[in-house]
Amino acid sequence: MSTIKFLTDNELPFCKGCGHARVAKNTEKALLKLGFDPLDVILITDIGCHGIIDKSFLTHTVHGLHGRSVALAGGISMGISEPGKKTVVFIGDGGATIGMQHLIGAAHHGLNMTVVVHNNMLYGMTGGQPSEFTPCGFRTPVLPEGSKNEGYDICKLISSAGSSYTERVLGIGDYSDSLAAAFSTKGFSLVEVMEICPSYGTKSNPGLKLSTLVKGAGLEVKVFKSTNKYRSHSIIKPIETNLLSEEHLIEKVFETGLKGSVSVSLAGSAGEGIQLAAEFLAKAAMKSGLHVTKKGSYPVTVGVGFSAADVIISSEPIDFTGISLPDILIITSSDGLSYARATAAGMNKGKILIDDQLEPPVTGAEIIKVPFRKKAGEKNCSLYSIFWFLNTFHHLPVDAIKQVFLENKISAKIPIEKMMEV
Ligand SMILES: Cc1ncc(C[n+]2csc(CCOP(=O)(O)OP(=O)(O)O)c2C)c(N)n1
Ligand code: SF4
């Protein structure tokens, strides 16, 4: 007997009798039948009761915004072109209502994934509001008189949009063969699992049987004929290279004596190269054999206002990418100063490197004024600040940042000597 498991031994997180638990168990059974390894499977869930299952799965898991799991899965499945990997989406009828265009688009373009719709005909997690899947007459706590509208027949919609395998099942007993049929279909497949939420659906509709409800709603329990098979000429082509391939590996070339980690926050203005400077620092650290994380923040109006980035470099693996208070805060403009003022106020140690034309913020950190803008101008002050930082404090070999700079086309425009001035 196989010792492979897809679910942890922890109790599943749903109310007693919730059909979502059966989906999880049938999914495990179907994946086992097909001989998958847990790390061959990427499970994408989103907001709702169905989504809290991801902590129980031993597969890769990604948790997205409500109704956006199919969109996330589209990117993931196109990025991972390795055969033998399986992208599975769990979504509720609420999420499918919100993200219906993603479902139709993914089916239409034959994106490689299986969507398992947990259709309990209401929004479970928020107390039983009706969704676009709620059948006529079905009562929910906020619709005690029963829905006056027909719900969507997602299987009809999706099979006509181009799904390669579409099936509706009643969410009782063993339906792992149906899931296995979908999981082993190339391109887009969908299984709609019909359920009644015990906490809201059953309470509002006492005595109602699932099969009676489904039949009464005119929803056929069957495999739906595909009206548009997976097309090799699909206008969206899978990405040829694998996002997980080693193609973009940055080789270690330099040595560093850094022990532990250093966190660097950069705060400046949009258009002044903050993200590029952070990227150069991150790459220089990678070339020095360190672990690195990099994160950028900027307003939705990307062309104006602040631009900020956090970089952690470390001799040890980094388990958390956030920086609440950095070891080094670099401020290159007044936008950056406004953005970083609260961070500076919280710092009781570390260093703040700030452009010498700015009034230093209130802080317990050491303030070092540097003529970033005067030396390099507004376009290059951020990049210069990174060179200045490494030239002065030597957390990384300066040759590492020089090499990153010279490998970038920016080096054709700026003489490296300019960056090296301290
Ligand atoms: C865009 C958006 N709208 C509304 C919400 C609030 N919300 C959180 S869970 C939920 C209900 C989820 O229902 P469903 O997707 O059917 O999953 P279930 O809980 O029934 O498994 C709602 C409306 C949200 N998080 N995001
Ligand atoms: S509220 Fe309903 S959908 Fe959510 S876990 Fe409980 S029974 Fe399941």
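Predicted model: local features only at pLDDT ≥ 70, side-chain atom pairs only at ≥ 80, totals over all residues.
**Helix packing and a ligand shell**

Student: OK, at what angle do H9 and H12 pack?
Tutor: Helix H9 (residues 274-287) packs against helix H12 (residues 398-407) at about 120°, with the axes 8 Å apart; helices here are DSSP runs of H or I with at least four residues, strands runs of E with at least two, and axes are lines fitted to C-alpha atoms over the stretch in contact, with angles from 0 to 180 degrees between N-to-C directions. H9 and H12 are therefore oblique to each other (under 35 degrees is roughly parallel, over 145 roughly antiparallel, 65 to 115 roughly perpendicular, the rest oblique).

Student: Which residues make that contact?
Tutor: From H9 they are Phe 280, Leu 281, Lys 283, Ala 284 and Lys 287, and from H12 they are Ala 400, Ile 401, Gln 403, Val 404, Phe 405 and Glu 407, contact meaning heavy atoms within 4.5 Å. By class, seven are nonpolar, one is polar and three are charged (Ala, Val, Leu, Ile, Met, Phe, Trp, Tyr, Cys and Pro are nonpolar, Asp, Glu, Lys and Arg charged, the others, Gly among them, polar).

Student: And how do H9 and H11 cross?
Tutor: The axes of H9 and helix H11 (residues 372-393) come within 7 Å and cross at roughly 30°, which makes H9 roughly parallel to H11. Ile 274, Ala 277, Phe 280 and Leu 281 of H9 meet Ser 382, Leu 383, Ile 386, Phe 389 and Leu 390 of H11, and this contact has eight nonpolar residues, one polar and no charged.

Student: What about H1 and H6, how do those axes cross?
Tutor: Helix H1 (residues 19-33) and helix H6 (residues 176-183) have axes that come within 8 Å and cross at roughly 55°, which makes H1 oblique to H6, and H1 passes H6 in a right-handed crossing.

Student: Switching topic, what surrounds ligand 2?
Tutor: Ligand 2 is surrounded by Phe 14, Cys 15, Cys 18, His 20, Cys 49, Asn 120, Cys 197, Pro 198, Ser 199 and Tyr 200, each with a heavy atom within 4 Å of the ligand. The shell around ligand 2 holds seven nonpolar, three polar and no charged residues.

Student: Which helix gives the most to that shell?
Tutor: Helix H7 (residues 198-204) gives the most to the shell around ligand 2, with three residues.

Technical notes:
Residues numbered from 1 in each chain as written. Chains lettered and ligands numbered in written order. Heavy atoms only, no water. Left-handed = near helix turned anticlockwise from the far one by under 90°.
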